[in-house]
Amino acid sequence: MFSSCTRRWLMSAAAKRTHECCCFPIKIQRASLSSSAEESTPLSQLQGCSKGKLLEWDKHRLTPDQLNFRTLASDFSKREFVPFASEWDQREYFPVEVLRKAASLGFGGLFCSQDVGGSELSRADGAVIFEALAYGDVSTTAYLSVHNMCCSIIDRYGTEDQRKLWLPQLTRMDLLASYCLTEPCSGSDAASLQTSAKQVAGSGEYILNGTKAFISGGGASDFYLVMARTGVHKTKGISCFLLEKGMRGLSFGCPENKLGWRCQPTTTVIMEDVRVPATNLVGSEGLGLSIALGALDGGRINIAACSVGGAQFCIDATQEYVQTRKQFGKALLDFQNTQFKLADMLTTVHASRLMVAHAASALDAKDPGATASVAMAKRFATDASYNVSNDALQLHGGYGYLKDYPVSLSLSLRLD
């Protein structure tokens, strides 16, 4: 437990930094779905330079490049996500044109090699960027993280021909990608998946049958990275295939009616005798589960970072609200209980941020304990963000349940 002195100091420090980090005044703005982008400098031109006023509050922790990346992502999020996120959510609108603007800054292939249009950044760099973007819209940023995961798989495991054919369009987000591992009866136990891929003797093709569930971007994406069973061995009988939208036998279920993440479509992906060329096998046969689980290490860092960004948004929106809302003749912020609650929320989110940074650095360093660090960071950050979003709703009282207030978007944090 924190002493009252410690909590008061935390609140004072938070008030000073509210507009110094990736934060800005929080108000729901009614805006049209077509936004006008101001020009920004791509990631590739930011490395090694110091452009504009850096965000100072944790300068000691981040490299100069990471501070620049965060400024770029924060400015983009403020301009392209914040004014529209509420309307996207209510209309279940998937902002593909905004994702392509993000890709023009280097956000479409963060971890891919530069020869295919990627930014070739580290996982630690990516965590900083995803947090700043998610501050404006968790749902859209989460899809962007999935797309990046697919690009990374192709870059790492694909043949040179596959990399050159697919990645330039994917890193620009001219084409979108979805990751297909989960099945109706196979979630955490990924090795129990039942989607089958049977090679047709002498034809150079595989025939895929099965169903994938809860696929982000389902029906909207152009490419689907599908894990399918090519052998009987539970772990070594799984392979990775790239399916293209429009292939005969590939179809999609109705969009799921979700509580959160409403601006990205989520569907089942259905394969009925889909004929896939052997040239669309990513990695060697039997390597699929290893590919899938390795990709999830990076994916978990990305989702954890998204949770931190969304939770920070909730805190800042709440801090602004309690400064203006008055009861019993004074602002809610002047009540010691409110100060204690906000101090606890701030501390929890910053602890999450540091756990994510540690896990990302461990993954970059190929530390033997990286997978465990990633799992702990994801577990801690997503649970903490769930609790922070709930506390933010409670501090808003009845108003927190109205969609006119931005903390209503915190339902997106309850999925992670």
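## Basis and overall content

A residue is called buried here when its relative accessible area is under 20%, exposed when that area is over 50%, and partly exposed in between, using a 1.4 Å probe and protein chains only. By that criterion, buried residues make up 56% of the 416 residues in the chain. The model is predicted, so that local features need pLDDT of at least 70 and side-chain atom pairs count only at pLDDT 80 or more, while totals for chains, interfaces and linings use all residues. Residues are numbered from 1 along each chain as its sequence is written, and side-chain values use heavy atoms, with hydrogens and water left out.

The chain contains 10 helices and 10 strands, where helices (H or I, at least four residues) and strands (E, at least two) are DSSP runs numbered from the N terminus. With contact meaning heavy atoms within 4.5 Å, residues 24 or more positions apart account for 74% of the contacts in the chain that have a separation of 6 or more.

Strand E4 (residues 223–229) is largely enclosed by the rest of the structure, because seven of its seven residues are buried. In a regular strand the side chains alternate between the two faces of the sheet. Both faces of E4 are covered, with Phe-223, Leu-225, Met-227 and Arg-229 buried on one side and Tyr-224, Val-226 and Ala-228 buried on the other.

Two strands are taken to pair if DSSP finds at least two bridges between them. E4 runs parallel to strand E1 (residues 177–180), to which four bridges join it, and antiparallel to strand E5 (residues 238–244), to which it is joined by seven. Within these pairings, Cys-180 has Val-226 of E4 as its bridge partner, and Leu-225 is partnered by Leu-242 in E5.

Val-226, which lies in E4, is buried with a relative accessible area of 0%. When neighbours within four places in sequence are left aside, the contacts of Val-226 include Cys-180, Thr-195, Leu-208, Lys-212, Phe-241 and Met-271. Val-226 and Ala-292 are 66 residues apart in sequence, and their C-alpha atoms are 9.5 Å apart in space.

Helix H5 (residues 123–134) has 12 residues and should span 16 Å at 1.5 Å a residue, which agrees with its end C-alpha atoms being 16 Å apart; the expected span is 1.5 Å times one less than the number of residues. H5 is mostly covered, 12 of its 12 residues being buried, and these residues pack against helix H2 (64–81), helix H6 (138–157), H8 and helix H9 (336–364).

A nonpolar core is a set of buried Ala, Val, Leu, Ile, Met, Phe, Trp, Tyr and Cys residues joined through side-chain atoms within 4.5 Å. The largest such core has 64 residues, and those with the most contacts inside it are Phe-107, Ile-129, Leu-133 and Val-356. Among the elements that give two or more residues to this core are H4 (96–104), H5 and H10 (370–395), while H8 gives the most, with 13 residues. A second, separate core of 30 residues includes Cys-151, Leu-170, Ala-190 and Val-282.

Asp-297 lies in helix H8 (residues 288–324). Lys and Arg count as positive and Asp and Glu as negative, with His and the chain ends not counted, and a salt bridge requires a side-chain nitrogen of Lys or Arg within 4 Å of a carboxyl oxygen of Asp or Glu. Asp-297 is buried yet has no salt bridge, and the nearest side chain of opposite charge, Arg-300, is 4.2 Å away. Apart from neighbours within four places in sequence, Asp-297 is in contact with Leu-363, Thr-371 and Val-374.
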